[in-house]
There are 2 protein chains.
Amino acid sequence: MTVEELLHKYDLKNTGCRKFILGEMLKSDTAQSENELKESYPDLFDRVTFYRTLKTLEERGIIHKIVLNDNSVKYALSRHHHEDNHLHSHFHCEKCDEVLCLRGKTQFEAELPQGFIMNEVFVVIEGVCAGCGIHS
Amino acid sequence: MTVEELLHKYDLKNTGCRKFILGEMLKSDTAQSENELKESYPDLFDRVTFYRTLKTLEERGIIHKIVLNDNSVKYALSRHHHEDNHLHSHFHCEKCDEVLCLRGKTQFEAELPQGFIMNEVFVVIEGVCAGCGIHS
DNA sequence: ATATATTTGCAACATTATTGCATTTGAAAT
DNA sequence: ATTTCAAATGCAATAATGTTGCAAATATAT
């Protein structure tokens, strides 16, 4: 699916910043931070526009935000509209800083206190990825 | 154990900011943000001192940091020096914003790609706590 | 009581994120 | 093609959060 089709499907206008962000995300199979997304064209769009666009895309569920334990934030396409399991798992490599989505590959169970309701679960696994493990 | 004993045990000087932060944490059974900790005495210590103190206490393992999905940060005492299982689970109430430590009450399994090494797992469950569920 | 490494406060700065408002633009209707 | 208008963008200002360097104050070992 092209970026234009994707935006049309979600009833969003086909604007420059949206096309750029989604284009960059489609090119990568890992999650990217604001600065990583901007790398090739740092000043193509105003920072405010970038924030607002990320927020819009997130609200529509086209992308999702991953907050890591060091407070840094990355974004990735949500490629899973069918299986809506409320469990969001990501792997964060401590060496190269890459973040990988792990959906479908993790299982989680919790015994909550009486009366507590669980809506969503966010999991971040910190570790070392295969590439960094070899080269160390 | 008193705050003074705790600090001595960890080979840290018995200073004002440390005593204050640990004192506030001992009073509460939920995790607290910088602003929540400071609530009763907002200007008792400089902000920089507060940050540095939190960092020191965290490095020594006396407290731990919880980063929520909205980028906010809370801190809580690490009351679990014996069971060192690398799984850090917390519940975050969407209504009252309280954060509860859930250690020992959660189970997690992940099937990582070949060659990946898992070091630590951070879990944040978003939901509604018992108190907020009743009063809604 | 003294010595000294550590802690603290202050000033400055960096990064990340938000708000209001005027201008521009996508795309629907004519 | 042109018009229209809500939506998107850029700019300026501001807020919140976190860091660094350095001088002054202080905890504690001697």
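For this talk, Ala, Val, Leu, Ile, Met, Phe, Trp, Tyr, Cys and Pro count as nonpolar, Asp, Glu, Lys and Arg as charged, and the others, Gly among them, as polar. With those classes, the protein surface near DNA strand D has six nonpolar, seven polar and seven charged residues. Please keep in mind that this is a predicted model.

I will stay with the DNA for a moment. How many residues surround DNA strand D? There are 20, and the closest are A:Thr15, A:Arg18, A:Thr49, A:Arg52 and B:Asn14. Of the atoms of DNA strand D that come within 4 Å of the protein, sugar and phosphate account for 54%.

Now some individual contacts. The side chain of A:Thr49 has an N or O atom 2.9 Å from a phosphate oxygen of DNA strand D. B:Arg52 goes to a base instead: one of its polar side-chain atoms lies 3.2 Å from a base oxygen of DNA strand D. Which elements give two or more residues to this surface? They are H2 and H4 of chain A, together with helix H4 (47–59) of chain B.

Next, the aromatic rings. A pair of aromatic rings is described by the distance of the centres and the angle of the planes. Over all chains, a search of the whole structure finds nine aromatic pairs. One of them joins A:Phe20 and A:Phe50, with 6.4 Å from centre to centre and 65 degrees between the planes, so the pair is edge-to-face. A:Phe20 lies in helix H2 (residues 16–27) of chain A and A:Phe50 in helix H4 (residues 47–59) of chain A, so this pair ties together parts that are 30 residues apart in sequence. Are these two residues buried or exposed? Both A:Phe20 and A:Phe50 are buried.

B:Phe91 has a relative accessible area of 1%, so it is buried.

Back to A:Phe50, which belongs to one aromatic cluster with A:Phe20, A:Tyr41 and A:Phe45. The charged end of A:Lys38 sits over the ring of A:Phe50, 5.0 Å from its centre. In chain B, the charged end of B:Lys38 sits over the ring of B:Phe50, with 5.0 Å to the ring centre.

Terms used:
Residues are numbered from 1 along each chain as its sequence is written. Chains are lettered from A and ligands numbered from 1 in the order in which they are written. This is a predicted model: local features need pLDDT of at least 70, side-chain atom pairs count only at pLDDT 80 or more; totals for chains, interfaces and linings use all residues. Side-chain values use heavy atoms; hydrogens and water are left out. Rings of Phe, Tyr and Trp (its six-membered ring) pair if their centres lie within 6.5 Å; planes under 30 degrees apart count as stacked, over 60 as edge-to-face and the rest as tilted. Helices (H or I, at least four residues) and strands (E, at least two) are DSSP runs, numbered from the N terminus. Buried means under 20% relative accessible area, exposed over 50%, partly exposed in between (1.4 Å probe, protein chains only). A charge sits over a ring if NZ of Lys or CZ of Arg is within 6 Å of the ring centre and within 35 degrees of the ring normal. A residue is near a molecule or strand if one of its heavy atoms lies within 4 Å of it. A polar contact is a pair of N or O atoms within 3.5 Å; within protein, one must be able to donate a hydrogen and the other to accept it, and residues adjacent in sequence count only if both atoms are side-chain atoms.
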